[in-house]
Amino acid sequence: MAYNTLKLHFCYQYRAIVNNIMIKLLTGENTYKLNNYLNAKIAEFLVEFPEGLEKFEAIELNDKDQVLDAVRSISFLSPRKLIVVEDYFQNKDLVSITQQLVEQCSDTTDLYIVDTKPDKRLSEYKLLVKLSELIDFKKDSQEGLTSWMI
């Protein structure tokens with residue numbers, strides 16, 4: 001294991017131990033539950049830090065450095081910052097800098113990476129699964145939907 005990877009792995013093991021994971025990967029086909037969860041977390045964050053939200057739509061990004069700069073920087077208006085990147089795996093340029101995003105995420109920044117159908121074969125996906133909190137919103141089964149309706 002390379003030194004940087006080992007250092008990064010130790011850093012995130014420590015964050016996991018103190019239950020303060022800063023990076024969350026939101027995936028799954030149940031977009032209703034995913035969006036409800038994301039909107040609730042954003043609303044909860046904005047109550048405490050109204051100036052600390054930055055949202056990016058990965059498909060519309062022309063420059064991958066916008067997200068990298070947002071992750072690196074510290075907010076002057078708010079002690080914490082929440083960065084949400086939607087459709088993350090649809091932008092190949094952005095996916096290529098995943099390790100940099102993870103390494104350079106400041107301690108005052110929460111990063112939510114959102115994609116309903118990520119390519120699970122990519123090494124970047126596997127890195128995020130390993131170093132972030134994965135929340136998978138799976139499609140409800142037929143039995144689950146039937147019991148929910150009754």
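Okay, one definition before we start: when I say contact, I mean heavy atoms within 4.5 Å. And keep in mind that what we have up here is a predicted model.

With that in hand, let's go to Tyr-88. If we leave aside its neighbours within four places in sequence, Tyr-88 is in contact with Ala-58, Leu-94, Val-95, Thr-98, Leu-101, Ile-113, Val-114, Asp-115 and Leu-128.

Now let's zoom out to the core around it. The largest nonpolar core has 26 residues, and Tyr-88 is among those that touch the most other members, along with Val-67, Val-85, Leu-94, Leu-101 and Leu-111. Which elements give two or more residues to this core? On the strand side they are S1, S3 and S4, and on the helix side H3, H4, H5 and H6. There's also a second, separate core, this one of twelve residues, and Phe-49, Val-84, Tyr-112 and Ile-135 are included in it.

Let me stay with S1 for a bit, residues 23–27. Is S1 mostly covered or mostly open? Mostly covered: five of its five residues are buried.

Now the whole chain. How many helices and strands does it have? Seven helices and five strands. Reading from the N terminus, the order goes α-β-α-β-α-β-α-α-β-α-β-α. Of the 150 residues, 39% are buried. And if you take the contacts between residues at least 6 apart in sequence, 82% of them join residues at least 24 apart. The accessible surface comes to about 9200 Å², with 53% of that belonging to carbon and sulfur atoms.

Last thing, confidence. The average pLDDT for the chain is 82, and 79% of the residues score at least 70. Where does it stay under 50? Over residues 5–19, where the model has 19 contacts beyond four places in sequence. Okay, that's my tour, thanks.

Note on methods. Residues numbered from 1 in each chain as written. Predicted model: local features only at pLDDT ≥ 70, side-chain atom pairs only at ≥ 80, totals over all residues. Heavy atoms only, no water. Core = buried A, V, L, I, M, F, W, Y, C linked by side-chain atoms within 4.5 Å. Buried < 20%, exposed > 50% of the residue type's maximum accessible area, 1.4 Å probe, protein only. Helix = DSSP H or I, 4+ residues; strand = E, 2+ residues; numbered from the N terminus. pLDDT = per-residue confidence, 0-100. Areas by Shrake-Rupley, 256 points an atom, 1.4 Å probe, with all protein chains shown as cover.
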